Amino acid sequence: MSKSSKIGMVSLGCPKALVDSERILTQLRTDGYEISPDYQGADVVIVNTCGFIDSAKAESLEAIGEALDANGRVIVTGCMGVNENDIRELHPQVLSVTGPQQYEAVVSAVHRHAPPPQEHDPFTSLVPPQGVKLTPRHYSYLKISEGCNHKCTFCIIPSMRGLLNSRPVGEVMGEAERLVKAGVQELLVISQDTSAYGVDLKYKLDFWDGRPIRTRMKELCDALGSLGVWVRLHYVYPYPHVDEIIPMMAEGRILPYLDIPFQHGSPRVLKQMKRPAAAENTLERISHWREICPELAIRSTFIVGFPGETDDDFEILLQFLREAKLDRVGCFRYSPVQGAAANSLPGAVPEALMDERWNRFMQTQAEISRNSLQRKVGSVQDVLIDILDNDIAIGRSKADAPEIDGIVQVQDGRGLAPGDLVRVKVESVDDYDLFGRIAD
Ligand code: SF4
């Protein structure tokens with residue numbers, strides 16, 4: 001076989017972008033390319049960019065500059081690719097620029113600038129059946145759809161990634177099965193709006209394992225729940241039909257975990273934001289879910305300082321936090337995104353006031369999180385081990401997603417390995433993390 005071309009990859013941004021990077025690398029491995037762990041060894045470097053907010057764009061431009069300095073042959077793709085002029089203005093020497101999900105265009109750009117080996121046989125090459133994964137072997141993101149049908153005024157994702165485009169459920173389940181066979185213990189379901197899964201396909205009937213199955217969130221969760229691994233749902237909105245999956249959480253078929261980006265608690269601000277499910281009575285819905293599944297952990301993100309947010313709106317938000325008692329919460333100060341409709345809304349909140357609100361928000365939530373973690377002292381938790389640090393094993397409970405939530409430090413973790421599932425007795429907590437020992 002002729003010498004393979006080597007590809008470097010820099011992957012920025014959210015888990016959805018990471019899945020795009022995995023897909024591109026899987027295709028390139030199938031085509032006979034090798035993956036280079038560093039800039040110097042690569043024939044060409046792909047930079048998968050993020051363009052969600054201005055700071056992410058700046059980071060993407062910096063990463064392109066670094067790859068150009070270190071290697072010189074750079075192909076740009078991903079969300080910032082829609083702003084080709086901005087990229088070319090600063091870095092005119094990039095070889096090619098494509099937008100998000102333009103897998104074929106990126107792969108053909110690579111073929112153009114670093115030709116694939118002539119004698120490569122895709123049927124005998126050793127691409128793992130689960131594809132190339134950039135996450136540790138024991139967990140994996142599972143992207144169920146692209147794009148989004150909503151029009152949140154602070155967001156430009158629909159203009160970057162297009163309208164909702166769900167993958168048929170048979171295809172998603174095929175991928176999930178391959179991942180589980182390859183050793184994955186936890187599947188993290190991602191999309192822009194998991195609760196809308198299948199709407200664009202009119203919940204099309206598909207087939208998996210010889211059985212008919214609808215392309216719909218409930219049926220997908222049911223099927224994933226039969227695989228015997230942790231299944232965690234991200235980016236869910238509090239629509240009434242989400243009620244249907246809470247019993248599956250109570251029965252232990254999927255993890256009792258929901259990542260719901262609420263963004264605000266004031267109906268007036270939510271309306272200005274044009275958030276999905278803003279009209280639903282969210283607090284009532286949460287309390288109903290907890291009655292069915294008391295173990296349910298809810299993680300969320302919020303924005304403070306959205307244009308027009310008044311003192312009253314902010315107090316409503318704090319009250320929402322106190323009543324919702326969410327388990328894990330992130331908070332961002334509003335920052336305008338080029339091209340977003342919210343930029344033209346009146347009532348910009350001054351920076352100092354935004355900072356003050358952000359601090360009050362964080363203080364309020366820290367107390368709530370501390371109390372909810374405190375209640376876990378003395379309990380026994382199932383923990384999936386991620387890494388080892390000498391005698392200590394670091395893992396996550398069912399309430400913790402990788403990267404964004406807390407961790408569990410297992411003090412007597414010697415002998416454990418990443419991917420092990422163990423029962424841990426919680427002995428103490430701090431603001432974010434749990435500390436414990438293997439339960440007898
Ligand atoms: S739901 Fe709103 S914030 Fe999320 S991707 Fe769609 S438009 Fe953007």
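A residue counts as near a molecule if one of its heavy atoms lies within 4 Å of it. The exercises below use a predicted model.

**Exercise 1. The ligand shell**

Task: State which residues are around the ligand, and how the shell divides into nonpolar, polar and charged residues.

Solution: 
- Step 1. Apply the 4 Å cut-off. The residues around the ligand are Cys148, His150, Cys152, Phe154, Cys155, Ile157, Pro158, Gln192, Tyr237 and Arg275.
- Step 2. Sort them by class. Cys and Pro count as nonpolar, and Arg counts as charged.
- Step 3. Count each class. The shell holds seven nonpolar residues, two polar and one charged.
- Step 4. The ligand sits in the largest pocket.

**Exercise 2. The barrel**

Task: Give the strand order of the barrel, then trace the pairings of strand 19.

Solution: 
- Step 1. Write the order. Five strands close into a barrel as 16-17-18-20-19, with mixed pairing. From one strand to the next, the twist averages 50 degrees.
- Step 2. Strand 16 (residues 380-389) pairs with strand 19 (residues 421-429) in the antiparallel sense, over five bridges. Here valine 380 has lysine 425 as its bridge partner.
- Step 3. Take the other neighbour. Strand 20 (residues 434-438) pairs with strand 19 over five bridges, again antiparallel. Valine 426 stands opposite glycine 436. Four residues lie between strands 19 and 20, which form a hairpin.
- Step 4. Find the parallel contact of strand 20. Strand 18 (residues 408-410) runs parallel to strand 20 and is joined to it by three bridges. Valine 410 has glycine 436 as its bridge partner.

**Exercise 3. The open sheet**

Task: Identify the edge strands of the open sheet and describe how strand 1 pairs with strand 2.

Solution: 
- Step 1. Read the order. The five strands run 2-1-3-4-5, with parallel pairing.
- Step 2. Look for strands that pair on one side only. These are strand 2 (34-35) and strand 5 (96-97).
- Step 3. Go to strand 1 (residues 6-11). Strand 1 pairs with strand 2 in the parallel sense over two bridges. Lysine 6 stands opposite glutamate 34.

**Exercise 4. An aromatic pair**

Task: Classify the pair of phenylalanine 302 and phenylalanine 361 as stacked, tilted or edge-to-face.

Solution: 
- Step 1. Start with the whole structure. The search finds seven aromatic pairs.
- Step 2. Take the geometry. Phenylalanine 302 and phenylalanine 361 lie 5.5 Å centre to centre, with 50 degrees between the planes.
- Step 3. Apply the cut-offs. Under 30 degrees is stacked and over 60 is edge-to-face. This pair is tilted.
- Step 4. Locate the partners. Phenylalanine 302 is in strand 14 (residues 297-304) and phenylalanine 361 in helix 12 (residues 351-374), 59 residues apart. The pair links distant parts of the chain.

How values were computed. Residues numbered from 1 in each chain as written. Predicted model: local features only at pLDDT ≥ 70, side-chain atom pairs only at ≥ 80, totals over all residues. Heavy atoms only, no water. 1 Å grid on protein atoms, 1.4 Å probe; cavity = no way out; pocket = protein on both sides within 12 Å on 5 of 7 lines; lining within 4 Å. Sits in = over half its atoms within 2 Å of the grid points. Pairing = 2+ DSSP bridges. Axes fitted to C-alpha atoms, helices over the stretch in contact; angles between N-to-C directions. Phe/Tyr/Trp six-rings, centres within 6.5 Å; stacked < 30°, edge-to-face > 60°.
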